[in-house]
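Student: I should like to take a close look at one part of this structure. Would you guide me through that part in some detail?

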Amino acid sequence: MLSIIVYGRNDSHGYNLHKRAALSFNCLAQVLDDDDDEIVFVDYNTPPEMPTFIEAIRDTLTDEAIRRMRVIRVPASIHAERFAARTHLPALEPIARNAGLRRTNPANRWILSTNTDMLFVPTQSRSLSDIVGSLDDGYYALPRFNLPEALWESLDRKDPAEALERAADWGTSLHLDEVVTSYPWMLFDAPGDFQLVLRDRLLEMRGFDEEMLLGWHVDSNLCKRHWLGYGAPNDLRHELRGYHCDHTRVPGVFHSRERVSNDLERFSHSVDRPDLPEQAETWGLADVALEEVDLRASVAAALPEALRTVLPEHSGAPPTVDGRTAFALFCYPAEHVLPFVARALATLSRSQPVAYVGENPELVEPLARLLTELAFSTPLLVADGSLHDFGAVPGVLVTNVADVVRRAEAVIFDFGLPSTLAYDAEPILVSQWPYATLQGLGQVLSQLDALVQIDTSGSHDARPLRMYV
């Protein structure tokens, strides 16, 4: 019946983003009851070493919200390559919303474009799904009522039924409700918090205008274009009330005095056609296969049990190392280090290759097994030139440094040695190391230098690498 599109990134946009967003998602899920209803969150430009925003707050979401949510990740590399030079904003509304729109469930008739701080209260004890299911074709708008920070912060994000009841009560008893009207094509001020449109019409309009990369007025542009093509908006306030969780305690990226924004005259008042022919073939990152994060089976969610399977059973006391001389130890127990190395995997999708550069077979073997256990689609890439025969290790593919740069999403550099060499012994001076040991670590340094040179030369097509040492 209904696809709800929201977007954001794993940052602290505005104020107390984690709480107000979790409150919003849980309340959205609370008022959905059609089997096909979904909440499509587009995670835009979260740094690659970090989890998506929804993964970061997963433990604060209700089971129903998790069941309804789909998380589509637009990687930071896409923003850097295509848009960063044209905007000061780290998250781009029209690009994110269009990416979500293109990938919504085609079985759903309606799209609701809203934001991560809205609570919607049906006025007649009906679900939002029921309300939408009874509507005639058209565009539906809603006035925005505001909840001060001190009020919504007092709500329990894991109790959406109570939160919606209290918001509705406060709206009237505390005199919060105030309808602010606007131009005929918008009907109400701040229209972007509730834009309910037929999915087929939004696709026909080519979504949101992707030239609007400076912030503001993306919503009013859509209002004007729909008004030109399909007629005036409809007022839904007799069925629903929408409450916005205010977040003005600290300034956001849209509120600095030096900010620039999209031209209101160009993108609203002067708009004269409903469609966007210039983006007809490209809108919504049509040429990009975007990752969809499964909140119930992500790499991060599967990691603890995968590590338990790969690591040997713990026995005896933990190993001890003298912190005063640890700098001189170039060895470690692989079973202790592997969980920390595995953090490099947690934010990857299973289709993204991982590479290893080092000389420690005690780590390579369980790391390769871990990738297999997590169902990564490619084996562990190991740069050639090692003194060890890593090609004989199951789940390992030995390749050259240039191929590592071209294919790998994350590269793990290991300057450690097997724990059997000296872990619980006195530190061995570098001058006393066997020549082969020095040669092996020298090879790792050489490969690090080679990868950096290739990755920063600008003469290749590689993506920026994540390197872990």
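Which residues in α10 are buried?

Tutor: Please bear in mind that this is a predicted model. In helix α10, the buried residues are Val218, Asp219, Ser220, Asn221, Leu222, Cys223, Lys224, Arg225 and His226. The elements that cover these buried residues include α5 (93-102), β6 (139-141), β8 (195-198), α9 and α11 (264-269).

Helix α10 comprises the 13 residues 218-230. The expected span is 1.5 Å times one less than the number of residues, so at 1.5 Å a residue α10 should span 18 Å. The C-alpha atoms at its ends are 18 Å apart, which agrees with that expectation. Just after α10 comes Gly231, where phi is positive, at about 110°.

Helix α9 consists of residues 199-204, and Arg199 is found in it. Arg199 is buried, yet it has no salt bridge. The nearest side chain of opposite charge belongs to Asp200 and lies 4.7 Å away, whereas a salt bridge requires the charged atoms to be within 4 Å. Leaving aside residues up to four places away in sequence, Arg199 touches Leu101, Arg102, Thr104, Asn105, Pro106, Asn108, Arg109, Trp110 and Ile111.

Notes:
Residues are numbered from 1 along each chain as its sequence is written. This is a predicted model: local features need pLDDT of at least 70, side-chain atom pairs count only at pLDDT 80 or more; totals for chains, interfaces and linings use all residues. Side-chain values use heavy atoms; hydrogens and water are left out. Helices (H or I, at least four residues) and strands (E, at least two) are DSSP runs, numbered from the N terminus. Buried means under 20% relative accessible area, exposed over 50%, partly exposed in between (1.4 Å probe, protein chains only). Lys and Arg count as positive and Asp and Glu as negative; His and the chain ends are not counted. Contact means heavy atoms within 4.5 Å.
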